[in-house]
Amino acid sequence: MRNDWRMRSQGFCSIEEALKSSDNLAKVQPYLESLLRTLLSSERNLDVVDDKVRMLVNLVSRLPLENLEDRVGQIMTGLCRQGGPGSNNVAKALMQRLPTAAIVQRLLSDDFLHAKSSKFRENALQTVLFALMTFPSTYFDIKTLISRATEAALDRKKRVRHAALDVLAVLGQISSPKLVLDVVCAAVGTRPEGNHLITAVKARLARKQLPFIGPDGSVEYAIKVPSNRSSTVIMFGADVDWIEAGSGSASPTFNRPGRNKYPSFQVENSSFEDMRQIIWLNPWDRTVS
């Protein structure tokens, strides 16, 4: 039963159909945490992935604002665990209901940028990239975002440095390179590694290249660096050197998915029966995974 993706898909579609009723939507709110936990869990089958992303977007779009505000932390944490275009599309729906700037600042808070998983930290920055290139620049506190992205660029992991430099490049485009450099210099000028980062940011801003946001919500970095899939350096410069000086592996830098629209949601999931028990039979279970 756990491997029967058709049952899982049918289960999600049945719940989605039921939730089209406002009465049913109101009835599910006491169990919202469990429902969201199930929808934000990882999944192997592509069709079920599509079902879950669609349900999340619809749920976020229709929930009363009070309920949605109460669950922002759970939703954003779950999305950053998964990452990818599916998460970005759900985040977009959330930012269309709640203040975009507040959600982006949450993504750049210590809770997200200091998370244990480097992939989680990168996913948070990718969602920031997606937001910056999707919503008007007037929505954001640019100086604060530059300061937080600078902190992220000091991360020890390659993948996080990579994402942070692209965030700074976008912030330089929607404000000015001078403003970005002024904030970066003030933040790291006295640190031992400060001069190296400042040089890297200057090199990144000089490229005048921005990340690519695909129609499916995917984010493709502008800087091409080696990943664990390639040993060939595609670009050279102080910005690439800064990324390469980090530890771990860099993320693939060319990824325009075809059929697999939401790859990061694909890992594993429980059966529909397990899901139904979580949502409906354990209303007192309030543990966020």
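**Figure 1. Arg-148 meets Asp-110 in a salt bridge.** In this predicted model, the closest N and O atoms of Arg-148 and Asp-110 sit 2.7 Å apart. The pair links distant parts of the chain: Arg-148 belongs to helix α11 (residues 142-153), while Asp-110 belongs to helix α9 (residues 110-113), 38 residues apart. Arg-148 is partly exposed, with a relative accessible area of 22%. Asp-110 also counts as partly exposed, at 42% relative accessibility.

**Figure 2. Arg-207 pairs with Asp-239.** Here the closest N and O atoms of the salt bridge are 2.5 Å apart. Arg-207 is in the loop between α14 (194-206) and β1 (212-213), and Asp-239 is in helix α15 (residues 238-244), so this pair ties together parts that are 32 residues apart in sequence. What about burial? Asp-239 is buried, with a relative accessible area of 0%, whereas Arg-207 counts as partly exposed at 22%.

**Figure 3. A buried pair, Arg-8 and Glu-43.** These two form a salt bridge, with the closest N and O atoms 2.7 Å apart. Arg-8 comes from helix α1 (residues 5-18) and Glu-43 from the loop between α3 (32-39) and α4, so the bridge ties together parts that are 35 residues apart in sequence. Both Arg-8 and Glu-43 are buried.

**Figure 4. A salt-bridge network of Glu-16, Asp-51 and Arg-54.** In this view, salt bridges link the three side chains into a network. Across the whole structure, a search turns up 15 salt bridges.

**Figure 5. Asn-58 on helix α4.** Helix α4 runs over residues 46-62 and carries Asn-58. At 34% relative accessibility, Asn-58 counts as partly exposed. Look for Leu-19 too: Leu-19 and Asn-58 are 39 residues apart in sequence, yet their C-alpha atoms are 9.4 Å apart in space.

**Figure 6. Leu-125 in the largest nonpolar core.** That core has 81 residues, and Leu-125 is one of those with the most contacts inside it, along with Leu-59, Met-76, Leu-107, Leu-171 and Val-201. The core draws at least three residues from each of domain 1 (10-98) and domain 2 (124-254). Which residues does Leu-125 touch, leaving out those up to four places away in sequence? Leu-108, Leu-113, Ala-152, Val-160, Ala-163, Ala-164 and Val-167.

**Figure 7. The whole chain, for orientation.** Zooming out, the secondary structure comes to 16 helices and two strands. Of the 289 residues, 51% count as buried. The chain exposes about 13300 Å², with carbon and sulfur atoms supplying 49% of it. Among contacts between residues at least 6 apart in sequence, 77% join residues at least 24 apart.

Definitions and conventions
Residues numbered from 1 in each chain as written. Predicted model: local features only at pLDDT ≥ 70, side-chain atom pairs only at ≥ 80, totals over all residues. Heavy atoms only, no water. Core = buried A, V, L, I, M, F, W, Y, C linked by side-chain atoms within 4.5 Å. Buried < 20%, exposed > 50% of the residue type's maximum accessible area, 1.4 Å probe, protein only. Domains from an automatic or database assignment. Contact = heavy atoms within 4.5 Å. Helix = DSSP H or I, 4+ residues; strand = E, 2+ residues; numbered from the N terminus. Areas by Shrake-Rupley, 256 points an atom, 1.4 Å probe, with all protein chains shown as cover. Salt bridge = Lys/Arg side-chain N within 4 Å of Asp/Glu carboxyl O.
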